[in-house]
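Visitor: Hi, I've got a model to look at and a few quick questions. Can you walk me through some of its helices and strands?

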Amino acid sequence: MPRTRLRAALAVLLTLTALNAPTAQAPAAHADDTDPVTVTVNARAGLATVPETGLGANHAIWDTNLGTDQTADLLKDAGTKLLRYPGGSYSDIYHWADHTAPGGYVAPNTDFDTFMRGVRRTGAQAMVTANYGTGTAEEAAAWVRHANVVKGYGITYWEIGNENYGNGHYGAAWEADDHADKSPAEYARHVVAYADAMKAVDPAIKIGAVLTTPANWPDAIVAEGDSGSWNEVVLSIAGPKIDFVILHWYPGALDRAGHVPDMIQLTREQLAEHAGPGAERIGIAMTEFNTGSSSNGTNTQPGALAAADAYATLLANGVFTVDWWNVHNGIGAVTEVEGHTDYGDFGLLSSATCTSDGTVCEPALNTPFAPYYAVQMVSRFARPGDRFVRAATGQAKVSAHAARRPDGDLAVLLVNTSSDTSYPVEIDYVGFSPASGAPTVLTHTNGATSITTSATGSATARTLPPLSLTTLVVRSGATETGRPGAPGQPSVTAVTDRTATITWPAAAPGTRPIAKYEVLRQNGAVTEQLGETTGTTFTVRNLRPGTRYTVNVIARDGGGAQSWPSSPLTFTTGTPAASSCSVRLTVQSDWASGYVGALDITNNGAPLNGWTLSFAWPRPWQSLGSGWNAVWTQEGSTVKVVNEAGNGSLATGASATVGFVGNYTGPNVLPSVFTLNGAVCSST
């Protein structure tokens, strides 16, 4: 069966991801730990707007139920807004015109037009993956013509290939690729050709190119003969021709949502560095996502909690679609998880399949698994057009997300991952005044077969059952009419180690003229005012070197009424332009879970007789493996590098080179701030 081949491909990904899995775990919850958990919701700290295409899922041509009305209706009820076709690695063997996939199984009633009928019944958009592995640009262009010119489907999003880095170029081969040259440069050249041919048919379509996901194999690996990693090469060649990039994420654990902000920020930095002018226009799509953790609950409640947390985090960080793998998949390794049978099924809906020996069978066809209710909960929590705002908690077992609705109401999603503790939470709102009366409460608990809805309790206090998803929809107690409009998207120039100049389009006034603008930094769910001005440009001072900042701008009128926050702006400060020392970090090799780094240390000041270089790992999942040409130690996150007897003297202008192995189990944000004998060095 084709699912066996598919699982083999996934197994490669999951095995490689598992090798990178962090060993540190959050503290275990205790049944007697009932102190209230503080939840902070900050409506002044704006994040991304919920896109129309945010909640997606994958269909596959080996799934007999792909085109059925029951499947389409269930997806519609879940709030699914994008459906991807023809299904993962099958995309690179599928020929749409004759509906064949040589080497794979094609189920009846799964052709493209049948898929589109289901898409329309669901009320979703389609994303199509053109065949790169065994297809041609001409074949893809003919597909665009059939879809958008002949049939009038109006499909916007077209990917070029699936996981094409899995073609054997880096060692592992699960993706079909008939090209003699399997390098990222060859893939990128074909992306350009596909884009030209397909947009000649319909200039309105958007073209997506495959990238590797930060800290997931083979990210950052440079193969023999390549000028850089897969992402660097693909973006440098195809960047001007593409409209979005494609990531896939199977984290292999249930507590990885904290990796998402760095994952997406590092992708944006790669786009800015390698994709050429105007790279900010390029969107990011997570076209395959699954918790990938069958031992911990692929289709039971722990997997659902992780799914909701990840969906919300990815969308809040500006990903325009997150597509669950997949609608139907089939039974896998059967386990017992939190009192319920976990079938090891990566699908949202049951396929009603059985183990090979027939001893265990899934529930009836299309029975929703727990992650289905996670998608449904997220669709009711954050609707297209809502704006995510910052939320945080004081308990590792409880996570929080929040979204502001256009009418001023606020929705708060609370996730309790504890197996045995009902956590009381106290919610503190900043920049938002809840109305009196009970909020609307949506709840999904362990083993439940639906989301319950009620109007109970208050907007500021709630008790979360173990292993539960809870959404509060809270009405605003303040009038929204007459307020200033939100300022436009801020931009940044003249970033140094200590300053940055932020500029934004003026906000539209409300009933009173705008009196001033406030520049606010997001520090978790707390905002810190960096300054205010009556104009639309402000230079922020007293910043910390090598620090990532996310800011919003709000407008206030003469009566004190405040606008909603602008869209967020993220930038990173540098190091001093001139210093008594300079350090250059060079990554000499990287294997997607560790790297060899070289530090070139130059003394620009008075001669030194003995030196100590210090830096801190930016993230808790980074550590020192080993070091040479100096004495290396790590305490907490801080690394100290002390000269050896033979290289302790550094004359003015002299340099020393030391090396190390850095390990990481999440997105690898490189250290950028180094001090030499206490002085902050310039980076070169």
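Visitor: Is the crossing where H8 passes H9 right-handed or left-handed?
Guide: H8 passes H9 in a right-handed crossing. Bear in mind that this is a predicted model.

Visitor: And at what angle do H8 and H9 pack?
Guide: About 30°, with the axes 8 Å apart. Angles under 35 degrees count as roughly parallel, so H8 is roughly parallel to H9.

Visitor: Which residues in H8 meet H9?
Guide: On the H8 side, Gln301, Gly303, Ala304, Ala307, Ala308, Tyr311 and Ala312. Their partners in H9 are Ala370, Pro371, Ala374, Val375, Val378 and Phe381.

Visitor: OK, switching to H2. Which of its residues are buried?
Guide: In H2, which spans residues 69–77, they are Thr71, Ala72, Leu74 and Leu75. They cover an arc of only 165° around the axis, so they sit on the same side of H2.

Visitor: What covers those buried residues of H2?
Guide: The cover includes strand S3 (82–85), helix H3 (112–122) and H9, residues 370–381.

Visitor: What follows H2?
Guide: Gly79 follows H2, and its phi is positive, near 85°.

Visitor: Now strands. Which side chains of S26 are buried?
Guide: Leu569 and Phe571 are buried and point to one face of S26.

Visitor: How many bridges join S25 to S26?
Guide: Four, and the two strands run antiparallel.

Visitor: What stands opposite Thr572?
Guide: That's Arg548.

Conventions
Residues numbered from 1 in each chain as written. Predicted model: local features only at pLDDT ≥ 70, side-chain atom pairs only at ≥ 80, totals over all residues. Heavy atoms only, no water. Buried < 20%, exposed > 50% of the residue type's maximum accessible area, 1.4 Å probe, protein only. Arc of directions from axis to C-beta. Contact = heavy atoms within 4.5 Å. Pairing = 2+ DSSP bridges. Axes fitted to C-alpha atoms, helices over the stretch in contact; angles between N-to-C directions. Parallel < 35°, antiparallel > 145°, perpendicular 65-115°, else oblique. Left-handed = near helix turned anticlockwise from the far one by under 90°.
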